Amino acid sequence: GHRQIAFIAGTVGDMRGDSGVRLRAYQTGVEIYHLDSDPRLVAYGRHVYDGGYLAMQQIIDSGVEFSAVVASNDESALGAMQALRESGRRIPQDVALIGFDNRLEGSVEEPGLTSIHVPLFDIGYRAVDLMLQSIQGGISLPELVQVNTHLVIRESCGCDGGRQAARSVQRPNGDADHSGLADVMASTILTQAHSLIEDEGLVLSRRLVDTFVAGIQRGDGAEFQSVL
């Protein structure tokens with residue numbers, strides 16, 4: 001329901017890099033969803049804490065109305081959070097806030113910072129894997145490889161308080177489909193465990209759930225303890 005959404009951008013001189021890509025994404029979103037467009041809603045925070053703090057102050061001091069803030073990265077989002085507090089605005093009751101990168105310090109803020117998770121470990125792993133395939137097999141390297149990000153909901157956006165229920169899916173015969181639980185576990189783990197690739201997190205979660213269920217059925221938890 002937000003109509004006036006402020007944006008804390010990166011660096012003016014980085015319009016070909018992350019700063020430009022994320023700013024254009026915000027501008028595209030404003031256009032697609034017919035949100036209020038006002039140049040005062042955008043300020044540059046240089047992707048650092050003090051920059052985000054000063055950018056948020058600039059937006060507040062401009063007098064423009066806003067009910068939500070999207071920051072181009074988590075560091076500037078945390079700086080913006082401090083500026084909002086000092087202005088007497090509550091998060092998320094008065095202003096909803098979201099960052100980008102899912103840095104670990106954002107998860108321990110009060111309120112926890114909603115963010116977009118970027119799988120940096122997975123990116124590095126896949127880059128080296130592609131390079132090795134090219135060297136060993138003579139395969140041409142792709143010009144661009146896109147890696148999926150995903151939303152990590154915490155309290156700062158006011159969406160659901162950051163609480164996500166994990167439930168097994170019931171099959172028609174009444175048996176539980178525990179793969180659904182493993183999927184939710186893997187998704188939750190990967191928001192904090194930055195040194196896992198996504199496939200590895202899913203395999204480990206499924207193995208843990210399978211041995212847990214098997215242990216209950218056999219009345220023996222030894223294998224589960226070993227896997228855990």
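**Helices, strands and core of a predicted model**

Me: How do you know that the length of α2 agrees with 1.5 Å a residue?
Reply: The expected span of a helix is 1.5 Å times one less than its number of residues. For the 14 residues of α2 this gives 20 Å, and the end C-alpha atoms are 20 Å apart, so the two values agree. Helices (H or I, at least four residues) and strands (E, at least two) are DSSP runs, numbered from the N terminus. After α2 comes Gly63, whose phi is positive, near 85 degrees.

Me: What kind of model is this, and which residues count?
Reply: The model is predicted; local features need pLDDT of at least 70, side-chain atom pairs count only at pLDDT 80 or more, and totals for chains, interfaces and linings use all residues. Residues are numbered from 1 along each chain as its sequence is written, and side-chain values use heavy atoms, with hydrogens and water left out.

Me: How many helices and strands are there in the protein chain?
Reply: The protein chain has eight helices and eight strands. Its C-alpha trace spans about 65 × 50 × 30 Å along the principal axes.

Me: Why is Pro39 called exposed?
Reply: Exposed means over 50% relative accessible area, buried under 20%, and partly exposed in between (1.4 Å probe, protein chains only). Pro39 has a relative accessible area of 73%, and is therefore exposed. The residue lies in the loop between α1 and β2. Its C-alpha atom is separated by 10.0 Å from that of Phe7, 32 residues apart along the chain. Of the 228 residues of the protein chain, 36% count as buried.

Me: What makes β1 mostly covered?
Reply: Five of the five residues of β1 are buried. Ile5, Phe7 and Ala9 are buried on one side, and Ala6 and Ile8 on the other, which leaves both faces of β1 covered. In a regular strand the side chains alternate between the two faces of the sheet.

Me: How do you know that β1 and β3 pair, and in which sense they run?
Reply: Two strands pair if DSSP finds at least two bridges between them. Four bridges join β1 to β3, and these strands run parallel; Phe7 stands opposite Val70 in β3. β1 and β2 pair in the parallel sense over three bridges, with Ala9 opposite Tyr44 in β2. From β1 the chain crosses through α1 to β2, and this β-α-β crossover is right-handed. Three bridges likewise join β3 to β4, in parallel, where Val69 has Leu97 as its bridge partner.

Me: Why is the unit of β3, α3 and β4 called right-handed?
Reply: A crossover is right-handed if, with the strands pointing away from the viewer, the path from the first strand over the helix to the second runs clockwise. β3, α3 and β4 make a β-α-β unit of that hand.

Me: What makes up the largest nonpolar core?
Reply: A nonpolar core is a set of buried Ala, Val, Leu, Ile, Met, Phe, Trp, Tyr and Cys residues joined through side-chain atoms within 4.5 Å. The largest one has 33 residues; Ile8, Tyr26, Met56, Ile59, Phe66, Val69 and Leu84 have the most contacts inside it. The elements that give two or more residues to this core include β1 (5-9), α1 (18-32), α2 (49-62) and α3 (74-86). α3 gives the most, with six residues.

Me: Which residues is Phe66 in contact with, leaving aside its neighbours within four places in sequence?
Reply: Contact means heavy atoms within 4.5 Å. Phe66 is in contact with Gln4, Ala6, Leu41, Met56, Ile59, Ile60, Leu84, Arg89 and Val95. In α2, the buried residues include Met56, Ile59 and Ile60, and the buried residues of this helix pack against β1, β2, β3 and α3.

Me: Which residues of α6 are buried, and where do they fall, seen down the axis?
Reply: Gly180, Ala182, Ala186 and Leu190 are the buried residues of α6. Seen down the axis of α6, they fall within an arc of 160 degrees, so they line one face of the helix. The arc is that of the directions from the helix axis to the C-beta atoms.
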